[in-house]
Amino acid sequence: MSQVIVVTSGKGGVGKTTTTAAIGASLAKIGKSVVVVDFDVGLRNLDLVLGAERRVVFDLINVVQGQANLSQALVKDKRLDTLWLLPASQTRDKDALTEGGVAKIIDELRESFDYVLCDSPAGIERGAVLAMRHADQAIIVTNPEVSSVRDSDRIIGMLDARTIRAEQGGRIDKHLLISRYDPARVTRGEMLTTEDVADILSIPLLGIVPESEDVLRASNIGMPVTMITPIGPAGIAYETAARRLTGEDVRVAVPEERTGLFDRLFGELGFGRRAAA
Amino acid sequence: MTWFRLFRKPRSARVARDRLKSLLDYERALIGQRDLVSVLREEIIAVVSRHVSLSPDGIRVRTGHVETVPLLRIDVELPASVRG
């Protein structure tokens, strides 16, 4: 059965688009058919992160307004046969996105794909609500930092109130994805631990993505971070998260600091307690 | 190790956690209250409508405070045909 998953956060710049591209590519790599949908009308970027920016002809708004059909607007990934992109419009007004139009598109996508990943715009306005509206599941991308955690809490409240599932008395599966995690700073007590964040937001943990140079390098060359070779720690964390999404029983790994002999000795003595999942 | 910790500044992550916990408790309660208002409003409309016809715009439900006492204020505008 097809699953619609919204990737959301409230706060901007925490890694929604990176996450959508990385998890979409991972799911496609294990043979699932995947469409990633960019809901950030006016500020589209998923095409760029996927390296598909030059092949966009029609977009979400064109489909909503009937200027193109869905198959004309979908862009197929050049590297993965089962990965597709439905781009947002870069030039149109975000009000052009209508509730009925979105409903129709999501219904059509459900028929053709195993996973429909909706990349939400930042904020809690109409665009974010439309992106989450039809979701069966949600990935809440959170940085271990106070403003991101607070905004995630707000978005979780909206997922429980504004989605169709919630309005019909059901619930949507919520998954916490912590990104830009820095194990060295956690060890020094300068960054919230993953348990702190999961405990405050009280939703289950899907994955922990360490702060990594790979993320910028991958976006520079238009590749999801799970597609670059050799795959780095951030890519591995996203791959694990994608497998967990499919229901596979894989443990969430807590990224560890690369330590020298000195740190290890002090660690043994109980000085630098390391976070565990 | 107590002597060692005495000279340390409090760890900032712990401060962040404590601040978030108390802030979110407060914010969740506020949002819960907003939901309460909309639920009450709909149920009052349903109950009153069984007896008199009224326009949904004629109902105002608010929460507030008078000094330290929390209050729920409900105003229902009845049609002109109803006499008190």
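## Close-up views of a predicted two-chain model

**View 1. A:Val4 stands opposite A:Val116, which belongs to strand 5 of chain A.** Residues are numbered from 1 along each chain as its sequence is written, and chains are lettered from A and ligands numbered from 1 in the order in which they are written. Strand 1 and strand 5 (residues 115–119) of chain A run parallel, joined by 5 bridges. Strand 1 of chain A also pairs with strand 6 of chain A, again in the parallel sense, over 4 bridges; here A:Ile5 stands opposite A:Gln137 of strand 6 of chain A. Strands (E, at least two residues) and helices (H or I, at least four) are DSSP runs, numbered from the N terminus, and two strands pair if DSSP finds at least two bridges between them. Strand 1 of chain A has 5 of its 6 residues buried, so it is largely enclosed by the rest of the structure. A residue is buried if 20 or more other C-beta atoms lie within 10 Å of its own, exposed if 12 or fewer, and partly exposed in between, with C-beta atoms placed from the backbone.

View 2. Look for A:Val75 opposite A:Leu85, and for A:Lys76 opposite A:Trp84. Strand 4 of chain A also pairs with strand 2 (residues 34–38) of chain A, in the parallel sense and over 4 bridges, with A:Val37 opposite A:Leu86. In a regular strand the side chains alternate between the two faces of the sheet. In strand 4 of chain A, A:Leu83 and A:Leu85 point one way, A:Trp84 and A:Leu86 point the other way, and all are buried.

**View 3. Eight strands of chain A make one open sheet: 8 strands in the order 3-4-2-5-1-6-7-8, with mixed pairing.** Its edge strands, each pairing on one side only, are strand 3 (75–76) and strand 8 (205–210) of chain A. Helix 7 of chain A packs on the sheet and touches strand 1 (3–8), strand 6 (137–142) and strand 7 (173–181) of chain A, with its direction at about 165° to that of strand 6 of chain A. Helix 10 of chain A packs on the sheet too, touching strand 6, strand 7 and strand 8 of chain A, and its direction makes about 150° with that of strand 7 of chain A. Axes are lines fitted to C-alpha atoms, for helices over the stretch in contact, and angles run from 0 to 180 degrees between N-to-C directions.

**View 4. Helix 7 (residues 146–162) and helix 10 of chain A pack at an angle of about 35°, with their axes 10 Å apart.** A:Val149, A:Ser152, A:Asp153 and A:Ile156 of helix 7 of chain A meet A:Val197, A:Ile200 and A:Leu201 of helix 10 of chain A. Two residues are in contact if their C-beta atoms, placed from the backbone, lie within 7 Å. By class, this contact of helix 7 with helix 10 of chain A has 5 nonpolar, 1 polar and 1 charged residues. Ala, Val, Leu, Ile, Met, Phe, Trp, Tyr, Cys and Pro count as nonpolar, Asp, Glu, Lys and Arg as charged, and the others, Gly among them, as polar.

**View 5. Buried residues of helix 10 (residues 194–201) of chain A are A:Thr194, A:Asp196, A:Val197, A:Ile200 and A:Leu201.** Seen down the axis of helix 10 of chain A, these buried residues fall within an arc of 160°, so they line one face of the helix. The arc is that of the directions from the helix axis to the C-beta atoms. After helix 10 of chain A comes A:Ser202, with a positive phi near 40°.

**View 6. Chain B is in contact with chain A through 12 residues, which meet 12 residues of chain A.** On the side of chain B that touches chain A, the residues divide into 6 nonpolar, 1 polar and 5 charged. Chain B has 2 helices and 2 strands, in the pattern α-α-β-β along the sequence. Of its 84 residues, 2% count as buried.

Terms used
This is a predicted model: local features need pLDDT of at least 70, side-chain atom pairs count only at pLDDT 80 or more; totals for chains, interfaces and linings use all residues.
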